[in-house]
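Biologist: I am new to this structure. Could you take me through how its helices pack?

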Amino acid sequence: MSGPRDDATPPPEPGVAVTEACVRREDLLDTEYEPPDSELEARIAGVEAAVLGIDRVSRTDSFFELGGTSLHAVRICARIERTLGYRALPMWLIECDVLQAFAARIASEGMGVDG
Amino acid sequence: MTDTRPVLLVLDYPGRREEARIADLRLQERGYDVRHLLVAPFSRELDAPSYARDLVRRHRLAEASVAAVLSYCMSAAIAQEVAALVNRDQEPVRVVLFDAEPVTPAAVAGQYAEALRQMAEQLDVGQPQPWSGQIFDEDALTRRPDEVIRRMRQELVGFATSALTAGSYDEDEAAGTASALAELYLDWLVHLVAAYHATWPAWGGSVVHVLSRSPGFTGPWPGARETHLVRTAAPRADLLSTAEVAAMVDAHLRQVPTSVTRSGERA
């Protein structure tokens, strides 16, 4: 199967480029990159970057401004659940489109899927 | 220490849109305790009173002292039901609506068609034929809202599953992704169907209806003691990012409604 599997690529470690990325963040946005503030933010940023096909996501970036759609939200949340073990509702990403807010929402409400 | 800030309940459905949001009024910076009620996971109740009761329960508002309920667009009917539920003080809860309108069958059909259009665009496939038009007639929506939602879900999931399978997802992945995608749109469609099934309770209070310059509903709000229309020059997209609107709402909520009535008109 060569389709866009949500769990095909493990989440990158902080600071590690996403291999499947094809677009540089700075080609999309003029704002300055701010690195993740926690390991969870870093791992969620990695998932967002991988699904959106960009090299990195700043903690201040809006999912929508990076081209995110409802389908992307579904895929991002599915991958977060599979690889990070957190519950994540796609609507949380739509409500909290900035990475740091989305990560905070997951930290507060996305209890571990595996318990 | 007891929080004495006036509590404002906000019903403004989340999601990306061109129009500014009630949150853009930044009323918390004017001393209010602003609580946004429409957050995931959403209610799946199909009538406005039940949907409103669900919101009151989830947000533990049974004992809250609420100063006002604010609502945007087609969420207004549910906001009114919320106001009736939290209306316990001597002074009726204030209701402030922005470009509000009652939900119609045509509006539900239109939003369903928009959901299909957006899904087709995201899935990179052609838009399906509007095979569901017949399920949105007033009789079906009124008598069998559960059936209307069931058919919408069936068609949205089927459409997305076909597109994803054709795009090389395997069947399990396609089914899971299609279902999750459809549920995102169904959250909104259920909200509209519930708002359509409103009872327009007379809670004893009045409505301030703030309007952009775009054409919209300007009638007396059903169930309100009286309706104060406040026309603004703001384009629809900018209504809620206009400083004058924030100041006017603040003045109204602080029981200095003269600026409202002076600039508005009584319906």
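Modeller: Start with helix 3 and helix 5 of chain B, whose crossing is right-handed. Right-handed means the near helix is turned clockwise from the far one by less than a right angle. This is a predicted model, where local features need pLDDT of at least 70, side-chain atom pairs count only at pLDDT 80 or more, and totals for chains, interfaces and linings use all residues. Residues are numbered from 1 along each chain as its sequence is written, chains are lettered from A and ligands numbered from 1 in the order in which they are written, and side-chain values use heavy atoms, without hydrogens and water.

Biologist: How are helix 3 and helix 5 of chain B oriented to each other?

Modeller: Helices are DSSP runs (H or I, at least four residues), numbered from the N terminus. The axes of helix 3 and helix 5 (residues 145–166) of chain B are 10 Å apart, at an angle of about 15°. Axes are lines fitted to C-alpha atoms over the stretch in contact, and angles run from 0 to 180 degrees between N-to-C directions. Angles under 35 degrees count as roughly parallel, over 145 as roughly antiparallel, 65 to 115 as roughly perpendicular and the rest as oblique, so helix 3 and helix 5 of chain B are roughly parallel.

Biologist: And how are helix 3 and helix 6 of chain B oriented to each other?

Modeller: Their axes come within 10 Å and cross at roughly 170°. Helix 3 and helix 6 of chain B are therefore roughly antiparallel.

Biologist: What is the orientation of helix 2 of chain A to helix 6 of chain B?

Modeller: Helix 2 (residues 70–84) of chain A and helix 6 (residues 171–196) of chain B have axes that come within 9 Å. They cross at roughly 125°. The two helices are therefore oblique.

Biologist: Which residues of helix 2 of chain A make that contact?

Modeller: Contact means heavy atoms within 4.5 Å. On the helix 6 side of chain B are Thr177(B), Ala180(B), Leu181(B), Leu184(B) and Tyr185(B). Facing them from helix 2 of chain A are Ser70(A), Leu71(A) and Val74(A).

Biologist: Which helix gives the most to the lining of the largest pocket?

Modeller: The largest pocket is lined by 30 residues, and Gln111(B) and Gln118(B) are among those nearest its centre. Helix 3 (90–95) of chain A, helix 3 (105–123) of chain B and helix 6 of chain B each supply at least two lining residues. With seven residues, the top contributor is helix 3 of chain B.

Notes
On a 1 Å grid over the protein atoms alone, a cavity is a set of points where a 1.4 Å probe fits but cannot get out, and a pocket is an open set with protein on both sides within 12 Å along at least five of seven lines; lining residues have an atom within 4 Å of a point.
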